[in-house]
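User: I would like to learn how to read a structural model feature by feature, with the general idea before each case. Could you take me through it that way?

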Amino acid sequence: VIAFIILALSFLFLQFKGRANLHAFEDWCGTSTAALRKNGHFPLYPHTRTTVKKLAVNPKWSNYGLRIFGYLHPHTDGEFSIAVSSEDNSEFWLSTDDSPLNVKLLAWVGKTGTEWAVPGEFDKYASQTSGPIKLSSQRRYFFEVLYVQDDKGTGHVEVAWKLLNQDFGFTIIDSKHISLYASMYRKTTHHFCSLSKSLLLSMPLVSSNFLKGVLADCSYKPSYTLKGVRVPRYQGIHMVRLSYIYPNDYTRLTHMESDETCIYQEHPNDKEVFPVRKRKSVFDDKKDFGFQRRRSVFDDNEDFGFRRRRSVRNDEEEFDAEADQKEVWPGLRNNPLFPDTYSRKHLREKEIEKNMPLQLDLKMSTPTAKVVTRGRMRKKRSEDKLQVINWNDTFQVSYQDLQALQSDQVNFGCNLVGNVQLSSSEALPLVKAFMDKLEAKHPGLFRLGRVINVVKRVDEVRGSRYLLELEVIDSSGKLLRLSQYIYNLNRSGRRRRRDTTVKELKPPPLLCNPMGFQWNPAATVHIIVPVKNQARWVQQLITEMERLFKETQDTNFNLIITDYSSSDMDVKKALEKSSLYDYLKLSGNFERSAGLQAGVDLVKEKHSIVFLCDLHLHFPSNIIDAIRTHCVEGYMAFAPVVMRLDCGAAPYDARGFWEVQGFGLLGIYKSDLEAVGGMNTKEFKDTWGGEDWELLDRILEGGLDVERIYLRNFYHNFHSKRGMWVT
């Protein structure tokens, strides 16, 4: 028996020997290993799983990351040094034994994404080579290589070793010294940072019985709804208005702004005093500055050990003062692209001229500068005397709430601005007026803790609608959530233009309860997602839904996946562990409209909410609550604005833009969706794109309002469209 066990183990060892695991994460931007770790699929769900026979690979591809791992088998006992080389950043990790839990970073090429080395170059950076490592030929050691390649070149990464004091050079670690790591699906922590839960989710609601009779009832008939009005094709997107938000939810993407004229708009009268200046990019003129695409190190089978990349000389490099003054840089003599290029001395003089500090001529208000040219000193505007800068000069400035000045009209050219802000001078008096009414109805029962959220929908004709989200404290000290829609009626029809010459007392708000317009906190939300052959993303969607349930403990939501016979995974089996799902298998080519409608048809309760959804999303913890709150049966649908992440960005390092033109993410009661005709499965049969705008047109024609809000922490993950929805 013992001999049989030994034989079986030997067979398994031979089966795994000679190869290492390789996982490829394709279509991912970045040049640093930190960028690879931002990938939502890293490390468990790569695009490709394969093996390699030695630790030196050249995929001949771009925009990808690699994870190579397995076991290292030293050929002898002794102290080794291990080195790594790669075109962009890479890391080599080695465990003290065969456990992945004990790995340590031993060697790496850069951390910032700008470092690189040619194949076989192991001494460019000190970090490329490890210190002495004691290894035993009787043991195996778990190792892991991480590597990232951007869109410049095709990339390479290799790992080599040498026995100290015996070997004179590094040699690539080949098949004789590696073996597979069998447990490829080990449990690993997620690389998403945890997002804090909404304060509202943890608080019980104030009973609706306490809110009855607080405000007088009034009919809710906004002037801007379009029931019975024909909306021209695809023009509904121009008729949707934004809601105002208090307090500032910081949905403005300030870290992505460069020349942001959406906020900083120039005014003709202000140009002479603190004008808005656009930062000029060196690429504005589209000249060739020498930043050319890097040539692949594998072109023409050249000997790369002796090939050196040339870099563009920058302004900070030191010029040789002893060099021949008439020497011209190679390639620049008589070059029409560089007509002002002469000798090194001339370039040095130009550099000094460029870097001379400007001195302000206070009389003419024009800058002057000392300029070095041909060894002589001359002065611009020499007739003017130099003046001393007045460092004590001050000026008057007033508070600028620029975002509060934005319009509620969607500007499709502005995808960084975020929600329109409601001023505190309007929100807080409104809250006080409501709390006064509540106190009058129930003396001493509730007091205001804090204002969590106020959402205003403007109606200039009849009055504005507000959603109040308040933290209140009852008489026992318990924190409760008060979430109520109220109406602030205009006192005399259309607003009259105010006479600014007469100071008038502002009348108290005329609050009332819009009859029928209240959200249902018990409504079930069905998230509907059609899929085909997107296994990694389907698995991530399931994980997202499990996270939402764990964080909210909300049992009144459901995931419906309509699967067009995916061949890359068993979707139904993957869903079996969860009780919050429905599954429908479809056949044929992928059709988004038909897939969504099939999911809607699975919902039997007409008074529940369907959320027409996409696959590649990261959801905020309050997504289900937000859908419920902003969907009102018979009156309003909800189309949240999602932030589309750039390639290489992640939810905890969000870089991208707001998808202001997309209306494909839509929450609506099933009864309302049926009333407007459901999804257009006839016209959008073989393609998708435009079905969301067409549905929006019909929703507006049906007299429904559409709430449009930029939702924090709601992300559309970057993904390649290569191979999507293959038939």
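User: In which strand does Glu144 lie?

Analyst: Glu144 lies in strand β9, and since this is a predicted model, what follows describes computed features. Glu144 counts as buried because its relative accessibility is 11%, under the 20% cut-off for that class. The side chain of Glu144 makes a polar contact with the side chain of Arg67, at 2.4 Å.

User: How should I read the two faces of a strand, and which residues of β9 are buried on each side?

Analyst: The general idea is that in a regular strand the side chains alternate between the two faces of the sheet. In β9, Tyr141, Phe143, Val145, Tyr147 and Gln149 are buried on one side, while Phe142, Glu144, Leu146 and Val148 are buried on the other, and both faces are covered.

User: Which strand is joined to β9 by nine bridges, and which by five?

Analyst: Strand β4, residues 64-72, is joined to β9 by nine bridges and the two run antiparallel; within this pairing, Tyr64 stands opposite Gln149. Strand β6, residues 90-95, also runs antiparallel to β9 and is joined to it by five bridges, with Phe143 as the bridge partner of Leu94.

User: How do I read an aromatic pair, and how many does a search of the whole structure find?

Analyst: A pair of aromatic rings is described by the distance of the centres and the angle of the planes. The search of the whole structure finds 20 aromatic pairs. One of them joins Phe142 and Tyr181, edge-to-face, with 5.1 Å from centre to centre and 70° between the planes. This pair links distant parts of the chain, with Phe142 in strand β9 and Tyr181 in the loop between β12 and β13, 39 residues apart. Both Phe142 and Tyr181 are buried.

User: Why is the pair of Tyr220 and Tyr635 called edge-to-face?

Analyst: The ring centres of Tyr220 and Tyr635 are 5.8 Å apart and the planes meet at 65°, so the pair is edge-to-face, the cut-off for that class being over 60 degrees. Tyr220 lies in the loop between β13 and β14 and Tyr635 in the loop between α8 and β29, so the pair ties together parts that are 415 residues apart in sequence. Tyr220, at 7% relative accessibility, counts as buried, whereas Tyr635, at 27%, counts as partly exposed. Ring pairs also link these two tyrosines with Tyr485, Tyr487 and Phe517 into a cluster.

User: Which charged residue sits over the ring of Tyr71?

Analyst: The charged end of Arg140 sits over the ring of Tyr71, 3.9 Å from the ring centre. In another case, Arg457 lies over the face of Tyr224, also at 3.9 Å from the ring centre.

User: How do I read a nonpolar core, and which residues touch the most other members of the largest one?

Analyst: In soluble globular proteins, nonpolar side chains tend to be buried together. The largest nonpolar core here has 49 residues, of which Ile527, Phe619 and Phe714 touch the most other members. Helix α5, residues 535-552, supplies the largest share of this core, with seven residues. Another core, of 40 residues, lies apart from it and includes Val214, Tyr244, Leu430 and Ala433.

User: What does Phe714 touch, leaving out residues up to four places away in sequence?

Analyst: With those left out, the residues that Phe714 touches include Phe611, Leu617, Phe619, Ile623, Val642 and Leu665.

Definitions and conventions
Residues are numbered from 1 along each chain as its sequence is written. This is a predicted model: local features need pLDDT of at least 70, side-chain atom pairs count only at pLDDT 80 or more; totals for chains, interfaces and linings use all residues. Side-chain values use heavy atoms; hydrogens and water are left out. Rings of Phe, Tyr and Trp (its six-membered ring) pair if their centres lie within 6.5 Å; planes under 30 degrees apart count as stacked, over 60 as edge-to-face and the rest as tilted. Helices (H or I, at least four residues) and strands (E, at least two) are DSSP runs, numbered from the N terminus. Buried means under 20% relative accessible area, exposed over 50%, partly exposed in between (1.4 Å probe, protein chains only). A charge sits over a ring if NZ of Lys or CZ of Arg is within 6 Å of the ring centre and within 35 degrees of the ring normal. A nonpolar core is a set of buried Ala, Val, Leu, Ile, Met, Phe, Trp, Tyr and Cys residues joined through side-chain atoms within 4.5 Å. Contact means heavy atoms within 4.5 Å. A polar contact is a pair of N or O atoms within 3.5 Å; within protein, one must be able to donate a hydrogen and the other to accept it, and residues adjacent in sequence count only if both atoms are side-chain atoms. Two strands pair if DSSP finds at least two bridges between them.
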